Amino acid sequence: MSLSRFDFQVICDWIHPNSRVLDLGCGNGELLNELSLNQGVSGYGIEIDDKNISKCISAGINVIQRDLDLGLSDFDEDSFDYVILSMTLQASNYPHRLLGEMLRVGTEGIVTFPNFGNIKSRIQLGLGGRMPVNRTLPLEWYNTPNIHLCTLKDFEELCDKLDIEILERRAVSQNNKTGPGLKLFPNLFGEIALYRFRRKAA
Amino acid sequence: MPESIPDDSIGLVKSSIFHFNEPLALASGLTLNEYELVYETYGKLNEARDNAVLVCHALSGTHHLAGYYSMDDRKPGWWENIVGPGKVIDTNRFYVVGVNNLGGCHGSTGPKSTNPATGKPYGPDFPIVTVTDWVTSQHRLSEKLGIKQWAAVVGGSLGGMQVLQWAIDYPDSLRHAIVIAAAPKLTAQNIAFNEVARQAIRTDPSFHDGHYYEHDTIPESGLRIARMLGHLTYMSDDIMAEKFGRALREGTINFDYGIEFQVESYLRYQADSFVGSFDANTYLLMTKALDYFDPAAAVAGDLTAVLAKVSADFFVLSFTSDWRFSPQRSHEIVRALHDNDLNVSYAEIESHHGHDAFLLSLPQYLSVFSAYMNRVAGECSK
């Protein structure tokens with residue numbers, strides 16, 4: 001089965017078989033389904049959207065209907081090997097708190113988000129003078145759920161502030177094209193940023 | 001009376017009664033030497049006997065889940081919208097069992113039944129039974145029906161509590177537990193509502209300390225008040241505003257104590273239909289079973305610990321405007337389940353219908369509920 005999103009493929013590669021995973025904003029359960037079918041991963045998805053809840057249940061995914069902005073207080077410390085937040089950080093009310101919560105309940109965190117530092121966004125804002133609308137950010141400023149957009153640099157600065165150690169970073173384009181530019185200037189050419197991280201050792 | 005029975009109904013149904021001679025030791029320490037359970041079944045038990053679904057009823061529910069008793073029957077079973085051919089609990093795929101709980105007043109042994117020791121109705125001498133006792137008796141019935149393991153045990157409200165107890169007491173006897181609009185125990189406020197209802201019944205002069213059968217009367221006014229109070233707590237402020245608002249029956253205030261507001265008329269109608277079909281002693285007993293329910297009490301209130309031996313997969317549902325058993329109460333159940341790494345899904349249905357929403361056909365409710373039951377059916381043998 002091929003996955004509908006390239007960031008899912010990277011996440012699957014990062015996650016060890018048979019680990020316990022919490023997928024925040026799990027959508028229709030596609031990633032969890034893939035992880036459980038092919039890697040023996042178990043765990044739960046958290047999702048707020050009614051239609052997605054029905055889809056997860058049909059797919060046999062453990063899904064809990066919950067607003068992520070209410071926090072993860074129902075989960076104990078260190079309950080999971082990985083807590084995943086794919087393409088959702090930028091839509092949360094308190095990204096910094098959510099990152100803290102992720103590393104409270106999980107050993108490692110995995111985050112993916114649209115890179116606002118991408119050249120297309122920079123040109124649209126810097127030269128065009130308008131909020132970017134492109135294939136990674138398809139909606140207008142007034143109807144987008146993405147209220148906390150950031151760049152790779154922004155995210156890494158926040159991690160530093162929160163004593164988060166970045167273990168792995170990937171910047172990719174949506175169609176998974178690689179090139180020397182992407183390697184050299186990920187914050188300029190990356191459309192989607194992917195990070196794996198953990199708490200800094202005290 | 002239905003002119004004809006709707007195509008999507010299970011149709012005409014009959015109840016059966018099973019008489020148990022093995023004594024049942026109750027949580028209270030008392031023993032019922034013999035008793036009967038009345039039940040209904042719909043659909044066919046498959047060869048592997050693995051497609052059976054048990055539906056546990058709530059406070060005023062019965063074993064009559066769906067269908068009609070005759071062409072003159074005014075109303076179908078209480079979960080007609082959920083149980084039937086092609087419905088959420090699909091009788092084409094499942095063998096569905098409904099059972100009237102012990103202490104009930106619809107055919108199973110209860111306060112109205114004759115006490116074999118005295119030849120008179122039990123009345124107040126019928127022992128107070130608990131959710132655990134119900135589950136034990138239901139388990140005995142499942143043995144009689146040749147069902148070793150339920151594909152699912154399903155229930156709303158007090159029925160959901162029985163489902164939870166099933167998963168705790170007989171972990172190997174069910175594959176799926178579906179707990180709807182329930183709670184792991186009652187709050188002080190819940191118990192208080194029950195106590196007001198009980199006081200209404202017990203202080204009715206016609207109650208005669210529960211021996212009203214011998215006086216050929218019933219504590220009608222007490223039971224009416226109990227039902228009206230209960231019914232209020234099953235609705236939300238919003239739905240009452242929407243249904244009745246401040247509408248007046250005669251369009252004007254009369255400065256008297258007759259029925260003036262529509263909401264008063266509605267409550268009295270609810271009370272009327274209840275008094276004709278429900279026994280006051282059973283009502284008392286059911287509210288006690290609710291109050292006593294607290295499976296975690298045995299392990300110092302640790303719900304996670306009490307669910308440690310559970311093996312069923314769970315589906316927990318709640319309704320946003322349910323203030324009797326609020327979503328928060330379902331979160332407690334869900335948390336204890338995922339703390340044990342059990343398979344659990346949870347849906348919080350947006351609804352302004354209050355607690356009674358679990359009886360309604362809300363689109364999202366039907367969507368997730370049928371998605372889950374589909375999964376359960378998919379795991380059963382053909």
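In the predicted model described here, R140(B) touches F20(B), E22(B), P23(B), L24(B) and Y35(B) when residues up to four places away in sequence are not counted, contact meaning heavy atoms within 4.5 Å. R140(B) lies in helix 1 of chain B, where helices (H or I, at least four residues) and strands (E, at least two) are DSSP runs numbered from the N terminus. At 18% relative accessibility, R140(B) counts as buried; by definition, buried means under 20% relative accessible area, exposed over 50%, and partly exposed in between (1.4 Å probe, protein chains only). The side chain of R140(B) reaches the backbone oxygen of E22(B) at 3.1 Å. V275(B), by contrast, is 135 residues from R140(B) in sequence and 31 Å from R140(B) in space, C-alpha to C-alpha.

Helix 1 of chain B, which spans residues 131-144, is also the place of H139(B). This histidine, H139(B), counts as buried at 14% relative accessibility, and, with its neighbours within four places in sequence left aside, H139(B) is in contact with W166(B), Y170(B) and S173(B).

Residues are numbered from 1 along each chain as its sequence is written, while chains are lettered from A and ligands numbered from 1 in the order in which they are written. Because the model is predicted, local features need pLDDT of at least 70 and side-chain atom pairs count only at pLDDT 80 or more, whereas totals for chains, interfaces and linings use all residues; side-chain values use heavy atoms, with hydrogens and water left out.

Between the two chains, 18 residues of chain A are in contact with 21 residues of chain B. The area buried between chain A and chain B is about 1700 Å², of which carbon and sulfur atoms give 43%; buried area is the accessible area (1.4 Å probe) that two parts lose on being put together, summed over both. Of the area that chain A buries against chain B, I57(A), Q65(A) and D74(A) supply 32%, more than any other three residues.

The polar side of this interface comprises 16 residue pairs in polar contact, both residues being at pLDDT 80 or more. A polar contact is a pair of N or O atoms within 3.5 Å; within protein, one atom must be able to donate a hydrogen and the other to accept it, and residues adjacent in sequence count only if both atoms are side-chain atoms. Helix 3 (50-59) and strand 3 (63-65) of chain A each supply at least two residues of the side of chain A that touches chain B, and helix 3 of chain A gives the most, with five residues. By class, this side of chain A has seven nonpolar, six polar and five charged residues, where Ala, Val, Leu, Ile, Met, Phe, Trp, Tyr, Cys and Pro count as nonpolar, Asp, Glu, Lys and Arg as charged, and the others, Gly among them, as polar.

R20(A) forms a salt bridge with D341(B), the closest N and O atoms being 3.1 Å apart. Within chain A, R104(A) forms a salt bridge with E101(A), with the closest N and O atoms 2.8 Å apart; because R104(A) and E101(A) are three residues apart in helix 4 (residues 95-105) of chain A, they are separated by about one helical turn. In chain B, the side chains of R224(B) and D272(B) meet in a salt bridge (2.3 Å, N to O). That pair links distant parts of the chain, with R224(B) in helix 4 (residues 220-234) and D272(B) in helix 6 (residues 262-275) of chain B, 48 residues apart. R224(B) counts as buried at 17% relative accessibility, whereas D272(B), at 45%, counts as partly exposed.

The rings of F193(B) and W323(B) have their centres 5.8 Å apart and their planes at 70°, so the pair is edge-to-face. Ring pairs also link W78(B), W79(B), F319(B), Y365(B) and F369(B) into a cluster.

Definitions and conventions:
A salt bridge is a side-chain nitrogen of Lys or Arg within 4 Å of a carboxyl oxygen of Asp or Glu. Rings of Phe, Tyr and Trp (its six-membered ring) pair if their centres lie within 6.5 Å; planes under 30 degrees apart count as stacked, over 60 as edge-to-face and the rest as tilted.
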